[in-house]
Amino acid sequence: MTVICWFRRVLRLDDHPALVAAAQGGPVIPLVILDPLEALAHPASAQRQAMALPGLAAALQARGSRLVVRRGDPATVLAQVIRDSGAMAVHASEGMPFARDEGLHDAVRAAGAALHLHPLADLVPRGSVLTRTGTPFKVFTPFWRVLRQTAIAAPLPAPRLPAPDAWPDSDGLEWPEARAAMNRGWPVMARHVQAGEATAHDRLEAFLDRITAGYAERRDLPAEGDATSSLSDALAVGEISARRIWHRTLHAQDQGRGGTEDFLRELAWRDFARDLFHASPDMDRTCWRREWDGFSWQGDNADAEAWRQGRTGIALVDAGMREMFATGRMHNRVRMIAASFLVKHLMIDWRVGLDWFARCLTDWDAASNAMNWQWVAGCGPDASPFFRVFNPEGQAGRFDARRLYRDHWLRGEGARDFAKAVPRSWGFDPDHRPAPLVDLDAGRQRALAAYRGFARKDAAAL
Ligand SMILES: Cc1cc2nc3c(=O)[nH]c(=O)nc-3n(C[C@H](O)[C@H](O)[C@H](O)COP(=O)(O)OP(=O)(O)OC[C@H]3O[C@@H](n4cnc5c(N)ncnc54)[C@H](O)[C@@H]3O)c2cc1C
């Protein structure tokens with residue numbers, strides 16, 4: 001009985017529960033679906049996925065299998081491939097948000113097959129790390145303590161893949177909608193991406209060879225590119241599993257490598273975000289603390305556009321926004337500062353920023369993006385309080401003291417990359433130094449005054 005394995009943002013053979021289950025069912029058709037709507041909403045992530053496909057296709061071919069790629073809406077494509085192949089079952093990983101797969105089940109059933117959704121190979125199954133009273137954690141540290149005591153399941157080896165007698169047609173590895181949406185940015189970003197399952201494993205090994213006890217401190221320094229693993233994009237497109245990283249890191253820890261405990265803790269943030277998203281599937285649109293929906297956020301406006309285009313006049317913020325547009329990544333500390341500047345100094349709704357990150361990040365992950373934006377905005381469960389306003393100049397002095405990061409993106413090679421990537425309609429002039437959009441102290445006072453007014457109203461309502 002032929003079965004389909006839909007490689008749904010899990011672009012690997014190692015530790016792939018849906019693939020293992022499919023291989024037990026019979027001859028397997030490995031399928032990737034390139035959805036034009038996804039390319040429009042998440043162009044950088046789509047490019048990142050497209051760049052993973054040649055490696056995946058080659059790995060499948062080396063095992064006597066083949067990658068079938070189809071473009072279109074997932075429900076329609078699944079129904080079509082079922083009809084083309086006579087497959088009786090589709091195995092796939094859960095999507096995120098976790099609750100929105102109803103239409104898929106209906107489409108697959110109507111085409112005469114059954115859809116089996118398998119858990120992602122995260123560190124722990126969703127909703128399994130609970131407080132003593134059986135409720136999900138709202139704060140990271142206690143979540144981490146329990147997760148650290150939990151036995152993390154061993155990664156699953158890649159299965160043997162029996163081939164079907166006949167292969168359905170494939171549309172090829174190109175994703176034209178992603179290329180069109182990325183436009184001039186595609187070739188620039190392509191130079192910054194290291195794609196493929198084997199590459200992800202190599203990068204993990206290289207990182208574990210160089211990690212030291214200084215990891216926790218160095219990970220805050222944006223000019224120190226090798227201080228962190230840079231594996232978030234490989235994780236986001238599923239080239240490597242969190243469980244594989246966990247077990248390899250434990251092994252390195254047993255061999256006495258410093259910094260590994262801090263690294264495991266960072267990795268656990270990803271699972272924490274997923275648990276929160278699992279419990280609150282609208283976390284990417286609604287303030288986790290509902291009362292914050294009544295805050296006087298401003299909507300999208302000219303200041304937001306200046307922020308997106310990296311011309312706020314605040315050097316560290318602009319450097320970060322340029323790094324993200326050109327490479328698809330932004331250093332974690334700089335993400336916090338750029339996001340805080342948008343929601344506090346400019347008082348713009350966090351969802352405006354979340355949407356731009358969702359377009360530009362190669363490591364875009366619905367849960368991590370939503371949790372971190374709500375953390376910065378002060379409306380999330382374990383959030384940084386709104387009255388704690390980052391001063392981007394102070395942060396720059398502390399974490400980019402020698403200006404290496406800012407100079408790279410505002411004057412150096414990074415600036416040249418950015419110039420090549422931006423749409424011509426932005427009219428980008430590399431020599432123009434924009435004046436600050438707001439005086440930092442005045443912006444801070446304005447944010448605090450708005451917060452005090454909001455907190456008073458809120459207290460009065462109680
Ligand atoms: C506003 C904002 C939005 C963000 N959006 C995303 C996103 O869409 N996708 C994403 O993967 N990360 C997001 N992050 C988290 C973080 O910036 C990146 O995971 C990190 O920069 C990845 O670099 P690395 O792989 O070198 O990290 P390392 O230091 O090597 O950490 C290892 C892994 O731990 C996980 N991790 C580390 N920090 C966090 C965190 N704060 N939240 C969740 N997971 C974490 C990542 O999977 C990362 O790859 C966001 C942070 C902020 C402040």
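Phe263 touches Ile211, Tyr215 and Thr249, leaving out residues up to four places away in sequence; contact means that two C-beta atoms, placed from the backbone, lie within 7 Å. Phe263 sits in helix H13 (residues 260-279). Helices (H or I, at least four residues) and strands (E, at least two) are DSSP runs, numbered from the N terminus.

The model is predicted: local features need pLDDT of at least 70, side-chain atom pairs count only at pLDDT 80 or more, and totals for chains, interfaces and linings use all residues. Residues are numbered from 1 along each chain as its sequence is written.

A residue is buried if 20 or more other C-beta atoms, placed from the backbone, lie within 10 Å of its own, exposed if 12 or fewer, and partly exposed in between.

| Residue | C-beta neighbours within 10 Å | State |
|---|---|---|
| Phe263 | 23 C-beta neighbours | buried |
| Asp365 | 23 C-beta neighbours | buried |

Asp365 is in the loop between helix H17 (350-360) and helix H18 (366-377). Leu11 lies in the loop between strand E1 (3-6) and helix H1 (17-25). Beyond four places in sequence, the contacts of Leu11 are Gln49, Ala52, Leu56, Val237, Gly238 and Glu239.

The unreviewed UniProt entry carries a "binding site" annotation whose residues include Tyr215, Phe263 and Asp365. The annotated residues span 151 residues of sequence and are also spread in space, up to 23.3 Å between C-alpha atoms. UniProt positions follow the numbering used here, feature names are shortened, and annotations may be inferred rather than shown by experiment.
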